[in-house]
Amino acid sequence: MSEDKTQLYDDKIIEGYEYDGITEYDNPCPAWLMYIFYFTALLAVFLTGYYFGSNSMNETIEAYAIKLKEAQTQKETQTPIQKPEVSESELSALLQDPAALAEGKEIFGEKCALCHGNSGEGMIGPNLIDNYWLRGKGKISDIAFTIRSGIPDKGMIAWEGKIPEKQIRHIAAYIKSIQGTKVDNTKEPDGELVKE
Amino acid sequence: MSSSNDTNSGMIQVKYNDQIVRMFTLATIFWATIAFLVGIIVALQMAIPQLNVTGWLTFGRLRPLHTNAALFAFAGNAIFAGIYHSTQRLLKTRLFSDGLSKLHFWGWQFIIVLAVITLPLGISQGKEYAELEWPIDLAVVLIWVVFAINFFGTLAKRNEKHLYISLWFYIATIVTVALLYIVNAISIPISPFKSYIVYAGIQDALIQWWYGHNAVAFFLTTPFLGLMYYYMPKAANRPIYSYRLSVVHFWSLIFLYIWAGPHHLLNTALPGWLQILATVFSVMLWAPSWGGAVNGILTLRGAWHLLRTDPIIKFFVAAITFYAMATFEGPLLSIKAVNSLGHYTDWIIGHVHLGTLGWNSFVTFGMLYFIVPKLWRTELYSKKMANIHLWIGILGILFYYVSMLAAGITQGLMWRAVDANGHLVYPDFVETVIRIIPLFLFRALGGVLFLAGYVLLLYNIYKTIKQAPKELAEETVQVRISSSVPIHPEQGHRKLEGMAAAFTILALIAILVGSIIEIAPTLSINKYVKTENKVEPFTPLELAGRDIYIKEGCYTCHSQMIRKTHSDVLRYGAASTIEESMYDRPFQWGSKRTGPDLARLGKKYPDLWHYMHMEDPRAVIKESIMPAYPWLITSTIDFDSLQKKVSLFNKLGVPHSEEDLSDANNRAKEQAKKIAEGLKKQGVKEDISDKKITALIAYLQALGQKGGE
């Protein structure tokens, strides 16, 4: 071993106790560590008092209830997903636009086909090629609305913000364009029959 | 006999049992390799789901293997090696019994082998770090008792009056682990491979985390502190910095630690008073935890130069530093507000590995580099290689920790992000997963670095042992039998250190106080259950599905506990109540959300969605990282055991209907047939009325549908 540098400090070895060569210094607990402990003990008293003394065992639950209410009021006061100012006739014009329909079809294949089938025949989600609709009357604006807001309860995502509005309209137009097509394995009708 | 009297000089000769230490040392080195390797596999599986190749190699089954191997095989063997090595020397006596030592060694290795076989097969109790089924549990308890007899027998025949601080930690470890393990494992078997825990719902949650947290405390902290207290001053050849600090931090640590378990259940349905107790005691743990770190580091006073020259000291100092980081982060994460962000995310995984990789592994590596040359009577083959191991290891740990911290906070913030309209900004769970996949890869890289460093240890140790002499004589020392008359009458703690039995009893009392105060009230669960919230039990088929859920380890990635936080409620629905899980054996609240919470999954998606999702998750969610479970579609439901299960649950107080009780088997078949027919209509070609997938779908569709909100 190198030379003993104990002299540098005031350390005093406790005499008479030695374990397999290990000895111990008679140093006190470092003050700063004790201060940390006192601090945490005070914090503990404060937290306990805060919890039990606030005349409400459910402080945190109440705080959460308030926060939740805030979030929900925001939800309610906000007007339901705003349909951008666009008329049905304007949307119908898309049916004559092969580029728009092609783009709609492409995105449909990427995002929608997983649940509605490659040709809209339905699978997990309802089929999109008959005249039965669960929501809306099958107008392009209705379809676009459903794409935007989704049906979270049934597992359909709200696509607003994830797909640009223009493309949402193209998908809606594409879905409209496949109305009445016949596909094998079409899922049975679901929802309300809409007669045009 | 190992000792012989030399009456003339008052000296006796003591021969240490080094053979058993060598055996545990080699076992440590071997099992560490397995634990680390499986760790890297599961880390990669999280980024690349295609790596979940067959049933027994999926994440849900390998993750329990990783945790059990790291905990019981690697850390366990390291503890035994270190305890047996240091205890003999601190007490100047040979181990109590060579036979018990051998039984301990082979018994423990046998248990590990059983775990390595059963866990990938999905034979599991579904409780974290306590997955082993009841026959293995019994073996663990038996071998632990053998260990305890061997240890306390050694204490009884010691030639050193006083117990050094390392031994205090060993005593606390042995007593507490026994208590934790036994209480948490009490279950009723229905077959050699299946049993059900006696506690249900919140009781099980509380006892599980009392166990789980204190597995960290008394399996990964106290024994390793004991090892540090022996090997650090031995390697540095310096006195312990402060005896008084040793006393104060030992007792405060073991007394406070046991209370902190419920901090794993903050913001859940757990009663508020338990949550605040957990927070308060966790916060107070900060200084007592650091006591060990301070005493370890300051022991180097006057020998700082060793930090430049001695790789063993470097490993210990790095280990203590990581320990100090983790034990600061722990109290921080126990504050409810911080916890609401970190809980269920990878931050917790990072936190745990700061401890296991940084503290446990590095103490073990330092110890191995120290004792292997001594045990094999030679010099370490290469100091330089040990130094490189150190730095690669540190780099690996930092990669691991930083990537998990970033992943956890990123995902935690994404989960809670709410826009001005009160909508979740990322309602689609998978979006929050995609964002952190690069970090999963970084983490795996950290693991690879850590393992690469370890491979250097393997080579270094191999070469060291190879250069050892053929005949390894056992170390023999001359021990003066103490005159037993102290220089001055002893008082206080010094006196206690001479009384092993009294010390052990006091340590037991210290850990019992918190345990009893927290657990006893929930044993009369009725106090917390509102009877007006009537909950329907699961049907027999749903129970069969629940067993599949447990077998596949779904709980390793999915929670079933919607916390009382507004972001949880917005995402998953009303907060979970105690009543909803009151019949669940074991509880499945979970601890990690690699996938979304499932507490209110029922009826959210059609059956077909679940069918396709289990067959190939990426067929319905393109970017999903969930493993595929195609075998559920081909393997059959175990209908025959259902009757037994339902009767057992009924005996334990679950109000199953008369029909379910009298004819569980057929009732399940009827329900399965209905589901299968429905799916057939929707285009599923196979007949799945007796297949596992059907039971699982029944269970998943029942989640959150039984009342109790």
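## Close-up views of a predicted two-chain model

View 1. Once the neighbours within four places in sequence are set aside, the residues in contact with B:F316 are B:M228, B:Y231, B:M232, B:A235, B:G296, B:V363 and B:G366.

**View 2. B:H85 in helix α2 of chain B.** Is B:H85 buried or exposed? B:H85 counts as buried because 26 other C-beta atoms lie within 10 Å, and the cut-off for a buried residue is 20 or more. Apart from its neighbours within four places in sequence, B:H85 is in contact with B:V21 and B:I371. The view may also take in B:T25, which is 60 residues away from B:H85 along the chain, although the C-alpha atoms of these two residues are separated by 9.9 Å.

**View 3. The hairpin of strands β3 and β4 in chain B.** Strand β3 of chain B, residues 187-191, runs antiparallel to β4(B), and four bridges join the two strands. The hairpin passes from β3(B) to β4(B) through two residues, and one of the pairings to look for is that of B:P189 with its bridge partner B:S195 in β4(B). In a regular strand, side chains alternate between the two faces of the sheet. In strand β4 of chain B, residues 194-197, B:K194 and B:Y196 point one way while B:S195 and B:I197 point the other way, and all of these residues are buried.

**View 4. The place where domain 2 of chain B touches domain 3 of chain B.** The domain assignment divides chain B into domain 1 (1-160), domain 2 (299-480) and domain 3 (540-702). Between the C-alpha centres of domain 2 and domain 3 of chain B there is a distance of 37 Å, and 10 residues of domain 2 are in contact with 12 residues of domain 3. Which elements supply at least two residues each to the domain 2 side of chain B? They are α15 (383-416) and α16 (429-434) of chain B, and the largest share, four residues, comes from α16(B). Sorted by class, this side of domain 2 has eight nonpolar residues, one polar residue and one charged residue.

**View 5. The side of chain B that touches chain A.** Here 53 residues of chain B are in contact with 54 residues of chain A. Several elements of chain B give two or more residues to this side, among them α2, α7 (222-236), α8 (243-257), α10 (286-298), α21 (566-572) and α22 (607-615). The element that gives the most is α9(B), with six residues. By class, the chain B side is made up of 30 nonpolar, 14 polar and nine charged residues.

**View 6. Helix α5 of chain A and what covers it.** Helix α5 of chain A spans residues 140-149, and its buried residues are A:I140, A:I143, A:A144, A:T146, A:I147 and A:R148. An α-helix has 3.6 residues a turn, so residues three or four places apart point the same way. Among the elements that cover the buried residues of α5(A) are α3 (88-92) and α6 (165-177) of chain A. Just after the end of α5(A), A:G150 takes a positive phi of about 65°.

View 7. Chain B contains 27 helices and five strands, and its C-alpha trace spans about 95 × 50 × 50 Å along the principal axes. A compact globule of 709 residues would have a radius of gyration near 27 Å, and chain B agrees with this, at 27 Å. Of the 709 residues of chain B, 57% count as buried, whereas in chain A buried residues make up 28% of the 196 residues. Chain A has six helices and two strands, which follow one another from the N terminus in the order α-α-α-α-β-α-α-β.

Methods:
Residues numbered from 1 in each chain as written. Chains lettered and ligands numbered in written order. Predicted model: local features only at pLDDT ≥ 70, side-chain atom pairs only at ≥ 80, totals over all residues. Contact = placed C-beta atoms within 7 Å. Rg over C-alpha atoms; globule rule 2.2 N^0.38 Å. Buried ≥ 20, exposed ≤ 12 C-beta atoms within 10 Å, placed from the backbone. Domains from an automatic or database assignment. Nonpolar A, V, L, I, M, F, W, Y, C, P; charged D, E, K, R; others polar. Pairing = 2+ DSSP bridges.
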